[in-house]
Structures are given as C-alpha cells and as structure tokens.
Amino acid sequence: MALPSTSLEEQKRRAETKSEAESLLPLFRITRILNHDQNGRRITLLGSIKDQPGLLTFERAAFESDLGAATLLLQSLSDTINLGANDIYRWYMSNTQATPARHSLKINLIWPCTDAHIKKYTAQQLRYVIETPEVYAQHIRPWIERTQRTPKRLDWIYNILDGVTEQEDVVHRSSDFGISLSHDKQKSDSEGFLLLPDLNWDRRTATGLHLLALVERRDLYSLRSLKQKHVPWLKHLRNEIVKAASGVASKLAGELVDEDQIKCYIHYQPTYYHFHVHVVHVMLEANGTTQAVGKAFALENIISQLENMAIGESVGMDNVDLGYFMGEESPLWKSCFGKIKTGEKVDLNDE
C-alpha cells in the first residue's frame, strides 16, 4: 500500500535544522499570557511567528544536584528580604545570578533543625498504611500524648495564641478569639481561631494562597480527636475561616478571591499535634505531598463523615480506619507499622 504523499511544507518541517529552529524564538510576538504556575517556574504565552499562531512555554531548569553548584547558588544570593518568621521557621525572597538568567527565589529556612526535620526532608521511600481504631488507641494516641503534646513541642503555638510572640505574622483573629483564654488553658469550647501565612506562600500571589488556621481550643490533637458533637463547631469554623481567608488573600495579594475559590484540609499525620486547618486557593498546584491523597483530608468531607455516623457522643474519627502514607524514616513506620507488617512487637517507647 502506497504511503500518502506529503506536502512541501511538511517536508521542510522535518528537515528543519537546529539553527533554523533557534532562529524562530526572536520572531515570536506575544499576544497574551495563557497560564503560569504558582511557583513561578513555568509560564505559557500565546503569540505568533510570521502571522501564524503559536504557544511558547518558559520553564526554569531544575537545580543541579551537585555540591559545587549548590555552593555557588548560596554565594550568589542578593537583595534578600525576610518575609516572615515563626519559631524556627523563616522564609525569604532573594535573587540569584548563579545561572545565566537572573532568578527570583523563594527560600525557606528551618533553624535550628532537629533530627526529625532532617529525616522528614531526606529523600526516602514512602509506605501506605491503614491505621485501624485499635492501632490508634493502643499505639498512636499514647505515642502522641507522651512525645508530641509536651510543652517543648507546643509552647511556641500557645505563645502565638496567647499574644506573647510573633503577633506581626498574624493576619486575622476571629471575632470569637480572646487572648484572655491564656489564664484558662483547659477551656475547650472556644470557637476562636487565628490565621498565619504558611511558609510556602509569598503573600503576593492570590492563587498561591496558603494559610494556617490555628484554633484557640487546646483539647484537640488531630482529626482523630474530632467527634460527632463537634459538627456544629466545625461548620461554624469552616465558614468563618473561608470568609476570613478570602479577605486576607484579597487584601495582601491585591486580587479579589471569592469564598468558593478556597479549600480547607487537614493533614494526618500532622507536623504538630495542635488541631489546625490548612487553607489554600483552589488553583494552588498540589506539588509534593502536602495536598496529596493519603496526606490531606478535606474538612468538608470529614464533617459529612461525622454527620453520617451512628448517633452518639463518643462516636468520632477515632472509630474509623484511616489510610495515609509516611516515609520509611518516620518513627511510626520504623517502630509501629513496619513492625506490624513483619509480625514483630510494636515499640514506640524509645521514639
């Protein structure tokens, strides 16, 4: 069977040389920006070359995984501006000329860091586990109470809630919030919360919005602590968070953000065990694992799940199986789920 003949234009396109291809870029005439990602690494342009439409995408090259190149990058930083600080966490904007083009960089600094931070940010294999109510009650909750709910771990959060430290980073306090609660740390019925920018938001880009909502009440560890009786409070909390986040984003980024452009989710396992909600723009790209299935649980879905459980004061998220992933360096994998897999005895006492 004879192959169909090709046009002269198609033949020319196949024969196009490297130099001919390179000569096209200076001829590109921009019409408008079609898209850009929130991390500023990729932008897509609509335009034309010789009166024919075309698309042009710029994407910054990945960082070189070479110690010398990394050293040069660090030494080349200039015009560095601190965007904020929260305990041991700090974030900056800076410029670099370590590469042929001058780039703006978002920089996060954790200092002083712990062994736990090092393990968390080290490349490692992930494991997906199913945490049953029994495993939570027998192993995970005791581990949380013994190692994660200590003053050393949580005092920095309580200092923010009590108005003692880092108040310049608070972008919103709810009308139900009262610093006077500091004298009664056991009070558990407060509806108050405050909003802080997450490390990963530059506070300039509306679609990059990422806030943390710290609740004022101190009796909740994580989503496992949520009970059916908390549903009215959770609905109120969600509505107030979305309303406040919309205003914060519009004010700081100078761009209108509607309430239906904001989503709320909860991490499990969380980084720290004081109940908090992540608040992001729906257009924020789910880079890495922070918004991935098996890490982020939608607040609305949790509320719905609680509502549809059997009626009971003690019924809650500690009564269900939870599936999530963790790194192999996590103490929960090494001393709990890894042991369960191999039939060994679980021992989280040394963690």
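## Charges over rings

A charge counts as sitting over a ring if NZ of Lys or CZ of Arg is within 6 Å of the ring centre and within 35 degrees of the ring normal. In this predicted model, local features need pLDDT of at least 70 and side-chain atom pairs count only at pLDDT 80 or more, while totals for chains, interfaces and linings use all residues. Residues are numbered from 1 along each chain as its sequence is written, and side-chain values use heavy atoms, with hydrogens and water left out.

The charged end of arginine 224 is placed over the ring of tyrosine 136, at 5.0 Å from its centre. Arginine 217 lies over the face of tryptophan 233, with 4.7 Å to the ring centre.

## Aromatic pairs

Rings of Phe, Tyr and Trp (its six-membered ring) pair if their centres lie within 6.5 Å; planes under 30 degrees apart count as stacked, over 60 as edge-to-face and the rest as tilted. Five aromatic pairs are counted by this rule. The ring centres of tryptophan 156 and tyrosine 272 are 5.3 Å apart and the planes are at 75 degrees, so this pair is edge-to-face. It links distant parts of the chain, 116 residues apart: tryptophan 156 is in helix 6 (residues 151-161), and tyrosine 272 is in the loop between strand 11 (262-267) and strand 12. Helices (H or I, at least four residues) and strands (E, at least two) are DSSP runs, numbered from the N terminus. Both tryptophan 156 and tyrosine 272 are buried, where buried means under 20% relative accessible area, exposed over 50% and partly exposed in between (1.4 Å probe, protein chains only).

Tyrosine 324 and phenylalanine 337 have ring centres 6.2 Å apart and planes at 90 degrees, so this pair is also edge-to-face. Tyrosine 324 belongs to strand 14 (residues 322-327) and phenylalanine 337 to helix 9 (residues 331-342), 13 residues apart. Tyrosine 324 is buried at 1% relative accessibility, and phenylalanine 337 is buried at 5%. Ring pairs join Tyr268, Tyr324 and Phe337 into a cluster.

## Helix 6

Buried residues in helix 6 include Leu154, Trp156, Ile157 and Leu161.

## Histidine 276

An unreviewed UniProt entry places the feature "active site" at His276. UniProt positions are given in the numbering used here, feature names are shortened, and annotations may be inferred rather than shown by experiment. Histidine 276 is in strand 12 (residues 276-281) and is buried, at 5% relative accessible area.

Apart from neighbours within four places in sequence, histidine 276 contacts Leu212, Ala213, Leu214, Ile266 and Pro270; contact means heavy atoms within 4.5 Å. A polar atom of the histidine 276 side chain lies 2.7 Å from the backbone oxygen of histidine 274.

Six strands form an open sheet in the order 8-9-10-12-11-13, with antiparallel pairing. Strand 8 (172-173) and strand 13 (296-298) are at the edges with a single partner strand each, so one side of each has no neighbour in the sheet. Two strands pair if DSSP finds at least two bridges between them. Strands 11 and 12 run antiparallel and are joined by four bridges. Lysine 263 has valine 280 in strand 12 as its bridge partner.

## Glycine 47

Glycine 47 lies in strand 2 (residues 42-49) and is buried, with 3% relative accessible area. Its C-alpha is 6.5 Å from that of phenylalanine 28, 19 residues away in sequence. Beyond residues up to four places away in sequence, glycine 47 touches Phe28, Arg29, Ile30, Thr31, Gln52, Pro53 and Gly54.

Conventions
A polar contact is a pair of N or O atoms within 3.5 Å; within protein, one must be able to donate a hydrogen and the other to accept it, and residues adjacent in sequence count only if both atoms are side-chain atoms.
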